[in-house]
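This briefing is meant to be read with the sequence and the structure side by side. It takes up the contact between the chains, then the cores, then individual elements.

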Amino acid sequence: MKKSLYETDEAVIEGIRRSDERALAHLYKLYFPMISHFILNNSGTDDEAKDIYQEGVIVFYEKIRDNSLELTCQIKTYLYSVCRRLWLKRLAEKGRFATKLDDSDSFVPVEDDTLQHEEQERQFGVMGDALEQLGEPCRSLIEDYYIRMQNMQDITDKFGYTNTDTAKNQKYKCLQRLKKIFFATYKPEV
Amino acid sequence: MLEYRAYEEIERYLNGQMAAEERAGFEALLRTDARLAEQVREHRQMLQALKAFGQRQDLRQQLNTIHSQMEVEQQPATPNGWKVFWNRHRQTVAVAASVSLLSVFGTLWSVQQMKAPVQQQTARYVELRREVERLKKAQTAIINGINDASKPATPRPAAFSGTGFAISSDGYVVTSSHVVEGADSIMIENKAGSKYKVTEVYRDEIHDLSILKVTEDTFEGFGKLPYTFKDTESELGEKVFTLGYPREDIVFGEGSLSSSSGFEGDTTAYQISIPLNPGNSGGPLLDDRGNLIGVISGKQAGQEGAAFAIKSAYLMQLINELAITGQVQPLILPKNNTLSAQNRPQQLKKLKEYVFVVKVYN
């Protein structure tokens, strides 16, 4: 992999839009040391650094894929700002209020982006729990059909149903239960 | 079964699989049937959440893969515990380290300060034997002599010199034992120019004293000695003086007895405040009335006016020991002091005949 391919921010963004995994990998490796340094300097651990950084990259990545990001600064600054925001939040949750953050870079306000991200996280957390509660084989069935977009015939074969109708019926029941569990805990706040 | 059918319909509608007319019909139905509309809304949200959830999981998976790749690419992970510990506590550690460093060096420094006076006390003791400066010239002279054999050999000057004085009229002389150390032959000479060849008959290295005897056949005696020997201690502050040969001519030095102990508390010696130089060793130390109270031996390096003299009591002890060994006949010590009533110049005039420069050849 040639690094020069993604030397500019524009090239990286372009790569992500094209779903180029190498662009993401390049971006990820490029700025991890900076965030890791920041988190470790502000009483975090390696694991927390990884966690926060991945959140940050996800926010950036999804915004780019949605075309909903108007980047007014460098990717580096944006990532730093998001991670900084997320880390402050995490510190507050841990009951440790950082009186003074040891900033190694400038940052821009990204509250809206992180709030949106947190709402999503909450939704996904509920969804993950709901799927967990659903149990097998419902879970795999739902995941295969709705997430992995496999066709009904493959699913019928995989789960050993006699015909697609039985599978569809099964899927319907599962979805019905998932819906119940999901909406029981999840109330959209936005 | 009806609900199941409805589900199929809803999904087909959401996936855009309905034909135009069917779609229009379904939408018309939605407008009238609030319950159906609610179901469609929920279903849509549900499916969106599911899809986004799946995408997010994939993305996370991808990032984790990238992360582990990155960790493999980097150096084998350093011990994490220590790194975290260091990052969290490095300020504390820095403060602790600087405090301990400070106290260690502070202690060392203050100990050093306290030791400084002690160091002065352990200064060197210097024996006042004079190394004759012309030694080098003598050597070149010899080399010249070898080169030019026709020239008659010039007499070699002495290597060291000190001072000595007579203790009995029949040819016994005292000097410091370090003066005559390693001597091949010894000559003494007084201010009047009388020269005698002497040999060492007894030495006491502990008290740094040597007794020499004139060995010349033609020797007829020094005559009556004008001073006597004191065998008791002299008082602090008493005026004392000495004669010696720190250079070619005889030199008078005066001062007072400043301590009844010598170098590092040595009780066999006095400390005296007379300026002394190499060559003064072995000279007599006399008090105001002309009693001999000591023998000059050395001074302390780097200390002003701290010179030392062996007490005469130890000289007497030495003379007695000498008689007991039977090497020589008992000495007849002078009994009358003819100096006591005289002033200093007259005392010196008499004295200088009995004070010799001791020349040591080796």
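**How the two chains meet**

In this predicted model, 26 residues of chain A are in contact with 22 residues of chain B. On the side of chain A that touches chain B, at least two residues each come from α2 (21-41), α3 (46-66), α5 (111-134), α6 (138-147) and α8 (164-185). The largest share of that side, eight residues, is supplied by α2(A).

- By residue type, the side of chain A that touches chain B divides into 15 nonpolar, six polar and five charged residues.
- For the complex, the predictor gives an ipTM of 0.78 together with a pTM of 0.44.
- Chain B has a mean pLDDT of 82, and 88% of its residues reach 70 or more.

**Nonpolar cores**

- The largest nonpolar core has 54 residues, and within this core Val173(B) and Ala309(B) are the residues with the most contacts.
- Strand β15 (residues 355-361) of chain B gives the most to this core, contributing five residues.
- When neighbours within four places in sequence are left aside, Val173(B) is in contact with Gly164(B), Phe165(B), Ala166(B), Ile167(B), Ile188(B), Val198(B), Leu212(B) and Phe356(B).
- Another core lies apart from the largest one and has 29 residues, including Phe32(A), Val59(A), Tyr61(A) and Leu79(A).
- As general background, nonpolar side chains tend to be buried together in soluble globular proteins.

**Strand β7 of chain B and its partners**

- Strand β7 (residues 209-214) of chain B is largely enclosed by the rest of the structure, because five of its six residues are buried.
- Strand β4 (residues 172-175) of chain B runs antiparallel to β7(B), and four bridges join the two; Val173(B) has Leu212(B) as its bridge partner in β7(B).
- Strand β6 (residues 195-204) of chain B also runs antiparallel to β7(B), to which six bridges join it, and Arg203(B) has Ser210(B) as its bridge partner in β7(B).
- A hairpin is formed by β6(B) and β7(B), with four residues between them, and in its turn Asp208(B) has a positive phi of about 60 degrees.

**Chain A and its helix α1**

- The secondary structure of chain A comes to eight helices and zero strands, and 29% of its 190 residues count as buried.
- Among the contacts in chain A with a separation of 6 or more, 60% are accounted for by residues 24 or more positions apart.
- Which residues of helix α1 (residues 9-17) of chain A are buried? They are Val12(A), Gly15(A) and Ile16(A).
- Those three cover an arc of only 95 degrees around the axis, and therefore they lie on the same side of α1(A).

How values were computed:
Residues are numbered from 1 along each chain as its sequence is written. Chains are lettered from A and ligands numbered from 1 in the order in which they are written. This is a predicted model: local features need pLDDT of at least 70, side-chain atom pairs count only at pLDDT 80 or more; totals for chains, interfaces and linings use all residues. Two residues are in contact if their C-beta atoms, placed from the backbone, lie within 7 Å. Ala, Val, Leu, Ile, Met, Phe, Trp, Tyr, Cys and Pro count as nonpolar, Asp, Glu, Lys and Arg as charged, and the others, Gly among them, as polar. A nonpolar core is a set of buried Ala, Val, Leu, Ile, Met, Phe, Trp, Tyr and Cys residues joined through C-beta atoms within 7 Å. A residue is buried if 20 or more other C-beta atoms lie within 10 Å of its own, exposed if 12 or fewer, and partly exposed in between; C-beta atoms are placed from the backbone. Two strands pair if DSSP finds at least two bridges between them. The arc is that of the directions from the helix axis to the C-beta atoms. pLDDT is the predictor's confidence in each residue, from 0 to 100.
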